[in-house]
Amino acid sequence: MSDAAIVFDQVHKRFGDFTALAGFSERVGKNEVIVLCGPSGSGKSTLVRTVNRLETLQGGRVLVHGQDVAERTVNVDVLRRGIGFVFQQYNLFPHLSAIDNVAIGLRRLLGQQKDSAADQALALLARVGLKEKAHRRPSGLSGGEQQRVAIARALAMKPAILLFDEPTSALDPQMAGEVRSIISSLADDDMTIMCVTHDMGLAASMADRVWFLEGGALVESAAPGDFVRSENPRVRNFLSKILPH
Ligand SMILES: Nc1ncnc2c1ncn2[C@@H]1O[C@H](COP(=O)(O)OP(=O)(O)OP(=O)(O)O)[C@@H](O)[C@H]1O
Ligand SMILES: [Mg+2]
C-alpha cells in the first residue's frame, strides 16, 4: 500500500437515499495518470472530491500517501495545499490580474515575499504560455486562457497530486486544444494526476489508465488504447455517444 499515492478503500457516499459511490475500491500509483469517464451522475466528480476531503463518507476510507484523509489529526489546509484542483469553472479572482491570481497563494499560503512570489508566478504563467498577458484581469482573457491561469495557480503550490474535473468541457475546440496540450505536458512531471474528462484525445496523450464508472462503481479500468477497443457493452454504448464516427 505504501507505494500508492491514493487508495480508495470501500468508499461509500450517499446523498440522502441516493448512492453516489457504492463501495469504490482502487489505487492510484505514485505519478500515475488516471482519466475518469462515465455517464452523467456516475460519481466521477464525487470520487475526485473525496481525495481532498470535499466529501464526507458514509463508509470506507481514502488514503493519500498512506494517510486517511478523514482522520481528525489531518490538517485540511495542509492536505489541500498538496493537492491541486482545477475544475470546469476557473474560479479566478475577477479583480486580480493573472499574475496576482497565481501569486496570491504563494504569498498567503506559503508566506513568500511579494517580489519572489511575482517572479515565480510569472514563470508559471510562462509555462502555460501566458507571459505576455500576465497583467490582464480574467475579464480580458479567453476561457482557455483563464483555465491556463487556473492551472498555473494550482501548480504554484507544487502539488504532489493534481485533480482535474472536466477542465476542457466549457471551452471551444481550439481553446480546449491549448489547455489539453498543457495538461498532457504535466503528465511527464513528478505528479499523480486524476482527470475527469470525456476527451479521449487527452486520455490517449497522457493517461496510464482510463477508469469507466457507472452507478458509483468501477466498470472498466484499461490503458487508453485498450479502453477505446473495449468490448464491454456499457463502455461501447458510452463511447458511441462521445467518439466521432
Ligand atoms: N451535493 C449533492 N447533493 C445531492 N446529490 C448530489 C450531490 N452531489 C452529487 N449528487 C448526486 O450524486 C450523483 C453523482 O454525482 P457526480 O457529480 O459525482 O456525477 P458525475 O459523474 O460527476 O456527473 P457529471 O458527468 O454530470 O458531472 C449524481 O446523481 C448527483 O445528482
Ligand atoms: Mg461531474
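Mentor: In this predicted model, a residue counts as near a molecule if one of its heavy atoms lies within 4 Å of that molecule.

Trainee: Which residues surround ligand 1, and how do they divide into nonpolar, polar and charged?

Mentor: The residues around ligand 1 include Phe 15, Phe 18, Pro 39, Lys 44 and Glu 166. Also among them are Ala 20, Ser 40, Gly 41, Ser 42, Gly 43, Ser 45 and Thr 46. By class, the shell holds four nonpolar, six polar and two charged residues.

Trainee: Which element gives the largest share of the shell around ligand 1?

Mentor: Two elements, β2 and α1, each give two or more residues to the shell around ligand 1. The largest share is three residues, and the element that provides it is α1.

Trainee: What is the distance from an oxygen atom of ligand 1 to an N or O atom in the side chain of Thr 46?

Mentor: Backbone atoms also approach the ligand: a polar one of Gly 41 is 2.8 Å from a ligand oxygen, and an N or O atom of the Gly 43 backbone lies 3.0 Å from a ligand oxygen. For the side chain of Thr 46, the distance is 2.5 Å.

Trainee: Why is one side of β2 and of β5 left without a neighbour in the sheet?

Mentor: The open sheet has four strands in the order β2-β1-β4-β5, with antiparallel pairing. One side of β2 (18-29) and of β5 (67-68) is left without a neighbour because each has a single partner strand and stands at an edge.

Trainee: Which strands does helix α1 touch?

Mentor: Helix α1, residues 44-51, packs on the sheet at about 125° to the direction of β1. The strands it touches are β1, β2 and β4.

Note on methods:
Residues are numbered from 1 along each chain as its sequence is written. Chains are lettered from A and ligands numbered from 1 in the order in which they are written. This is a predicted model: local features need pLDDT of at least 70, side-chain atom pairs count only at pLDDT 80 or more; totals for chains, interfaces and linings use all residues. Side-chain values use heavy atoms; hydrogens and water are left out. Two strands pair if DSSP finds at least two bridges between them. Contact means heavy atoms within 4.5 Å. Axes are lines fitted to C-alpha atoms, for helices over the stretch in contact, and angles run from 0 to 180 degrees between N-to-C directions. A polar contact is a pair of N or O atoms within 3.5 Å; within protein, one must be able to donate a hydrogen and the other to accept it, and residues adjacent in sequence count only if both atoms are side-chain atoms. Ala, Val, Leu, Ile, Met, Phe, Trp, Tyr, Cys and Pro count as nonpolar, Asp, Glu, Lys and Arg as charged, and the others, Gly among them, as polar.
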